[in-house]
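Have the model open while you read.

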Amino acid sequence: MRILFIGTGDIGVPALEMLAQASDHQIVGVITQPDKPVGRHQEIIATPVKKIALRYGIPVYQPEKIRVPSFIEEIQNLKPDIIVVMAYGQILPQAILDIPPVACLNLHASLLPRHRGAAPIQAAIEAGDRESGITVMHVSAGLDEGDVWLWKKIPVRRRETGGSLHDRLAALAPEALSEALSMIGRGSVPRIPQETPLATYAAKLTRDNGLIDWTAGVVEIDRKIRAMNPWPAAHTTLPAEDHPPRKLKVFSVIVCRKSSGPCGVVLRADKQGILVGCGTGSLLLREIQLEGRRRMSVREFLSGHPVVPGVKLGRA
């Protein structure tokens, strides 16, 4: 089949590579977001999907807005039999969904209808879900509301982070896509309506999503820290006598149910970690990053930045 791939982020790279290496399909093009400035020096960086497409010699298209009529005409001229979408970042108009004669399908990183939206991976960890997966569905005009082809499930591990679950789902996506393409070859594509009353929504993340509320329970805070690792990173503030409070990112903790103390107050700080009270329990901070510094273990951090018990961590 003639396949048009639409995607931007890292999570879609393994699926695109699988298609590029498949001898029985032709990728007629890749649509991805425009190159954007990244980092402190605002260096212009190509999207991960674009980098892979160029490696395989696949034509790349980067419209500012995919719904522009002139660009929709370009897609029509590519004559795709099927469009595959994963983590693109723009909503496709109905005019594009109507182009492929076979299907326009989406690979979504959750078990729909749970966690529709832009941040399903982090939402699954914050909610304490025991399983996640890839849903292959027909793309519809609504947000992740299309009929489902199939679900591929994996368990959420006990100490899962947003980064680790992202990578595991990225590796699962080619298997889900391959199975969907086989269904097309057999002429047995199902349309399973989603149970809309069960739907939940995961909005696009901002840095504010990482703000730690020390009055929440230790389980909830632990889930937030793991969900927001590596981005936007859970964060608090660390006060000091000689300068204003600075943002402190927290990447790894250990839940301590047997010790407790006032919410957000440092109970002790030693080579084992920084123990912070959370009311009915406490959290031992193990890996952190102070504003303007690199990410490091608490033991390494304390060697140059002593933390006095009784200090209260605050809101950034």
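Predicted model: local features only at pLDDT ≥ 70, side-chain atom pairs only at ≥ 80, totals over all residues.

1. A233 deserves a look for its backbone. Its phi is near 75 degrees, a positive value in a residue other than glycine. Is A233 buried or exposed? Its relative accessibility is 1%, so A233 counts as buried, the cut-off being under 20%.

2. The peptide bond from W231 to P232 is cis, with omega near 5 degrees.

3. P113 is found in the loop that links β7 (103–108) with β8 (116–117).

4. K79 also has a positive phi without being glycine, with a value near 55 degrees. You'll find K79 in the loop between α3 (69–78) and β6 (82–86). Where A233 is buried at 1% relative accessibility, K79 has 57% and therefore counts as exposed.

5. Now the overall picture. The protein chain has 8 helices and 17 strands. Its C-alpha trace spans about 65 × 45 × 30 Å along the principal axes. Of the 316 residues, 48% count as buried. Looking at contacts with a separation of 6 or more, 63% come from residues 24 or more positions apart.

6. Next, the open sheet of 7 strands. Reading across, the order is β5-β2-β1-β6-β7-β9-β10, and the pairing is mixed. Which strands stand at the edges? They are β5 (60–61) and β10 (148–155); each has a single partner strand, so one side of each lacks a neighbour in the sheet.

7. Within that sheet, β1 (residues 2–7) has 5 of its 6 residues buried, so the rest of the structure largely encloses this strand. β1 runs parallel to β2 (residues 26–31), and 5 bridges join the two.

8. The mixed pairing shows up if you move along to β7. This strand runs antiparallel to β9 (residues 131–138), with 4 bridges between them. H108 is bridged to T135 of β9.

9. On to helix packing, starting with α1 (residues 13–21) and α2 (residues 48–55). Their axes come within 10 Å and cross at roughly 15 degrees, and the two helices are therefore roughly parallel to each other. The crossing is right-handed. On the α1 side the contact uses V13, L16 and E17, and on the α2 side P48, V49, I52, A53 and R55. By class that gives 6 nonpolar, no polar and 2 charged residues.

10. α1 also packs on α6 (residues 162–186). What is the angle here? The axes of α1 and α6 cross at roughly 45 degrees and come within 7 Å, which makes α1 oblique to α6. This crossing is right-handed too. P14, A15, M18 and L19 of α1 meet A170, A173, P174, L177, S178 and L181 of α6. The classes are 9 nonpolar, 1 polar and no charged residues.

11. β15 (residues 273–277) is mostly covered, with 5 of its 5 residues buried. β15 pairs with β14 (residues 266–270) in the antiparallel sense over 4 bridges, and the two form a hairpin with 2 residues between them. V266 has V276 of β15 as its bridge partner.

12. β15 also pairs with β16 (residues 282–290), again antiparallel and over 4 bridges. G277 faces S282 of β16. This hairpin has 4 residues between its strands, and G279 takes a positive phi near 85 degrees there.

Methods: Residues numbered from 1 in each chain as written. Heavy atoms only, no water. Buried < 20%, exposed > 50% of the residue type's maximum accessible area, 1.4 Å probe, protein only. Pairing = 2+ DSSP bridges. Axes fitted to C-alpha atoms, helices over the stretch in contact; angles between N-to-C directions. Parallel < 35°, antiparallel > 145°, perpendicular 65-115°, else oblique. Left-handed = near helix turned anticlockwise from the far one by under 90°. Contact = heavy atoms within 4.5 Å. Nonpolar A, V, L, I, M, F, W, Y, C, P; charged D, E, K, R; others polar.
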